[in-house]
Amino acid sequence: MGKIIAIVNQKGGVGKTTTAINLGAALAHSGKKVLLIDLDEQANATIGLGFSRELLEYTSFELLASDIKAEELVYKSTDRNMDIIPGSEKLVNLETALFNVENKELILQGKLKPLAGKYDFILIDCAPSLGVDVENALFAADSVIIPVECEYFAYEALPLMISKIHQVQTVRNKRGQKLTIEGVLLTKLDNRNIFGYKIIDKVKNLMPTKTFNTIISRSSHLQEAPMNGGSVLKTAFHSRASREFRALAQEILNNNK
Ligand SMILES: Nc1ncnc2c1ncn2[C@@H]1O[C@H](COP(=O)(O)OP(=O)(O)OP(=O)(O)O)[C@@H](O)[C@H]1O
Ligand SMILES: [Mg+2]
């Protein structure tokens with residue numbers, strides 16, 4: 001049975017999409033079958049994997065707001081082990097489209113059930129929000145990864161995300177379902193500057209057993225890779241960024257043995 005991991009943080013720009021693309025590619029590189037679901041109207045993960053958003057008729061909007069089956073929304077990426085359900089700016093209208101729908105937070109959970117056996121990992125790249133899209137991700141996921149940029153405002157915003165996760169955990173526990181924290185992932189570390197290490201200490205104090213050992217450094221390779229339509233494993237395999245995401249994939253595989 002595949003594991004569904006939501007990559008969440010209501011704080012913008014902390015590295016959610018970069019993690020979705022590159023962790024996905026690293027898991028695929030280690031032989032795992034991966035599906036990436038882009039649940040953000042910015043569609044950054046979709047574009048970063050080389051798709052042109054104008055050409056995509058069926059997207060994660062239809063996944064949540066139509067009867068179309070999830071299988072029919074899956075596109076192959078250039079990585080043979082990684083598929084994608086793309087994002088779309090139509091997601092801006094999701095709240096309105098689902099306004100009168102009962103149990104709307106459970107749509108994604110239901111839609112992904114038939115896919116869970118086909119993939120080892122389903123990664124959901126979430127928008128920087130706590131809206132109905134992110135609720136759906138939290139109700140569908142087995143676990144969450146919370147990327148946190150090594151800077152003060154990102155650290156300061158972390159308790160809000162944790163408290164949202166706890167709320168959903170409480171509801172799901174009552175239904176006999178689990179949502180665990182796979183880990184907090186520290187990102188964009190500038191290792192020439194002592195300040196980032198202070199944030200690392202603070203996050204580790206807050207989440208001592210739930211912070212990944214792997215830390216993602218600031219890297220121009222990661223900034224450039226989406227422009228070249230692929231992961232950093234594809235565009236700069238021997239770079240430090242590629243090594244770090246492969247180490248993160250290994251850490252997750254070890255934790256899920
Ligand atoms: N480790 C890194 N080193 C350098 N730049 C990075 C790194 N991680 C992400 N970035 C850059 O920071 C910006 C934000 O990253 P990303 O899009 O992954 O964040 P996000 O959390 O998905 O943002 P949003 O909340 O808008 O969806 C991008 O320009 C990306 O290229
Ligand atoms: Mg993003």
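This report describes helices, a ligand shell and selected residues of one predicted model.

## Basis of the description

The model is predicted, and local features need pLDDT of at least 70, side-chain atom pairs count only at pLDDT 80 or more, and totals for chains, interfaces and linings use all residues. Residues are numbered from 1 along each chain as its sequence is written, while chains are lettered from A and ligands numbered from 1 in the order in which they are written.

Helices (H or I, at least four residues) and strands (E, at least two) are DSSP runs, numbered from the N terminus.

## Helix 1

Helix 1 covers residues 16–29, and its 14 residues should span 20 Å at 1.5 Å a residue; the end C-alpha atoms lie 19 Å apart, which agrees. The expected span of a helix is 1.5 Å times one less than its number of residues. Helix 1 is mostly covered, with 14 of its 14 residues buried. A residue is buried if 20 or more other C-beta atoms lie within 10 Å of its own, exposed if 12 or fewer, and partly exposed in between, with C-beta atoms placed from the backbone. Just after helix 1, G31 takes a positive phi of about 95 degrees.

A20 belongs to helix 1. A20 is buried, with 31 other C-beta atoms within 10 Å. Not counting residues up to four places away in sequence, A20 touches I7, L36, A45, L123 and D125. Two residues are in contact if their C-beta atoms, placed from the backbone, lie within 7 Å. The C-alpha atoms of A20 and A43 are separated by 12 Å, and the two residues are 23 residues apart along the chain.

## The shell around ligand 1

There are 18 residues around ligand 1, and G12, K16, T17, T18 and P128 come nearest. A residue is near a molecule or strand if its C-beta atom, placed from the backbone, lies within 6 Å of it. Helix 1 and helix 9 (220–224) each supply at least two residues of this shell. The largest share, three residues, comes from helix 1. By type, the shell residues divide into four nonpolar, 10 polar and four charged. Ala, Val, Leu, Ile, Met, Phe, Trp, Tyr, Cys and Pro count as nonpolar, Asp, Glu, Lys and Arg as charged, and the others, Gly among them, as polar.

G12 lies in the loop between strand 1 (3–7) and helix 1. G12 is partly exposed, with 13 other C-beta atoms within 10 Å. The C-alpha atoms of G12 and S129 are separated by 8.2 Å, although these residues are 117 residues apart along the chain.

Helix 6 (residues 132–140) is largely enclosed by the rest of the structure, because eight of its nine residues are buried. The buried residues are V132, D133, V134, N136, A137, L138, F139 and A140.

Two packed helices are described by the angle between their axes and the distance between the axes. Helix 7 (residues 152–174) and helix 8 (residues 194–206) pack at an angle of about 10 degrees, with their axes 10 Å apart. Axes are lines fitted to C-alpha atoms, for helices over the stretch in contact, and angles run from 0 to 180 degrees between N-to-C directions. Helix 7 and helix 8 are therefore roughly parallel to each other. Angles under 35 degrees count as roughly parallel, over 145 as roughly antiparallel, 65 to 115 as roughly perpendicular and the rest as oblique. Y152, Y155 and L158 of helix 7 meet I199, K202, V203 and L206 of helix 8. The residues of this contact divide into six nonpolar, no polar and one charged.

E182 is placed in strand 7 (residues 180–187). E182 counts as buried, with 21 C-beta neighbours inside 10 Å. Leaving aside neighbours within four places in sequence, E182 is in contact with I5, S143, V144, I145 and I252. E182 and I252 are 70 residues apart in sequence and 7.8 Å apart in space, C-alpha to C-alpha.

L248 is placed in helix 11 (residues 240–255). L248 is buried, with 23 other C-beta atoms within 10 Å. Not counting residues up to four places away in sequence, L248 touches L23, A26, F212 and T214.

## Positive phi in two loops

Most residues other than glycine have a negative phi, and most peptide bonds are trans. A43 has a positive phi of about 55 degrees although it is not a glycine. A43 lies in the loop between strand 2 (34–39) and helix 2 (44–48), and A43 is buried, with 24 other C-beta atoms within 10 Å.

K188 also has a positive phi of about 55 degrees without being a glycine. K188 is found in the loop between strand 7 and helix 8, and K188 is buried, with 21 other C-beta atoms within 10 Å.
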